[in-house]
Amino acid sequence: MVGSLVLGPEGSPVANPRFTVGSVTFNALVAFNLSELSTVIGNDALRDEATELAGLLDRRWDPVATTWVDDSERPGSAAAPTAEALLPALVSRDAAAVDAAFAALTDALAFGTRFGPAG
């Protein structure tokens, strides 16, 4: 995989066409931070970017697996139930998905524990 890295002008890796994964966790944090920053500095363009990214994340919700699923072109990739994969609940406009995510975080058979969500 290292051999397929695409390097930017300064030699830093910027892409890898053989490793395509759109992390819902990372993108949820980006959308959340863009939204917060747009509020602080009053930048409507950033707010719009955050809203667009949140909308794209909502398309990754899998109601059967009760989680958001990374975008991957790898054959056989599937939803992995992790608490981190529920971070899109921070920015989701899908009330049913948010409710299901929070229910999973408090469900003793999923992530809920006596002292907070299991990771």
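Which residue forms a salt bridge with Arg 47, the closest N and O atoms being 3.0 Å apart? One such partner is Asp 48. A salt bridge here is a side-chain nitrogen of Lys or Arg within 4 Å of a carboxyl oxygen of Asp or Glu.

This is a predicted model, in which local features need pLDDT of at least 70 and side-chain atom pairs count only at pLDDT 80 or more, while totals for chains, interfaces and linings use all residues. Residues are numbered from 1 along each chain as its sequence is written, and side-chain values use heavy atoms, with hydrogens and water left out.

Stay with Arg 47 for a moment. Asp 44 forms a salt bridge with Arg 47 as well, with the closest N and O atoms 3.0 Å apart. The count of salt bridges comes to two. Together they link Asp 44, Arg 47 and Asp 48 in a network. Side chains of opposite charge can pair when their charged atoms come close. Asp 44 and Arg 47 both lie in helix α2 (residues 44-58), three residues apart, about one turn of the helix. Helices (H or I, at least four residues) and strands (E, at least two) are DSSP runs, numbered from the N terminus.

How covered are these residues? Buried means under 20% relative accessible area, exposed over 50%, and partly exposed in between (1.4 Å probe, protein chains only). Asp 44 is partly exposed, because its relative accessibility is 47%. Arg 47 is partly exposed at 38%. Asp 48 is partly exposed too, at 42%.

Now move to helix α3, residues 95-106. This helix has twelve residues. From first C-alpha to last, α3 reaches 17 Å, close to the 16 Å expected at 1.5 Å a residue. That expected span is 1.5 Å times one less than the number of residues. Ala 97, Val 98, Ala 101, Ala 104 and Leu 105 are buried in α3. Seen down the axis, the buried residues of α3 fall within an arc of 125 degrees, so they line one face of the helix. The arc is that of the directions from the helix axis to the C-beta atoms. On the other side of α3, Ala 95, Ala 96, Asp 99 and Thr 106 are exposed. What covers the buried residues includes β4 (61-62) and β5 (67-68).

The loop between β6 (71-72) and α3 holds Val 91. Val 91 counts as buried, because its relative accessibility is 7%. Contact means heavy atoms within 4.5 Å. Not counting residues up to four places away in sequence, Val 91 touches Ala 28, Ala 31, Phe 32, Ala 54 and Leu 57. Thr 51 is 40 residues from Val 91 along the chain, yet their C-alpha atoms are separated by 8.1 Å.

Finish near the start of the chain. Ser 4 sits in the segment before β1. Ser 4 is buried, because its relative accessible area is 14%. Leaving out residues up to four places away in sequence, Ser 4 touches Ala 15, Asn 16, Pro 17 and Arg 18. Pro 17 is in the loop between β2 (13-15) and β3 (21-22). Beyond its neighbours within four places in sequence, Pro 17 is in contact with Ser 4 and Val 6. The C-alpha atoms of Pro 17 and Val 6 are separated by 8.0 Å.
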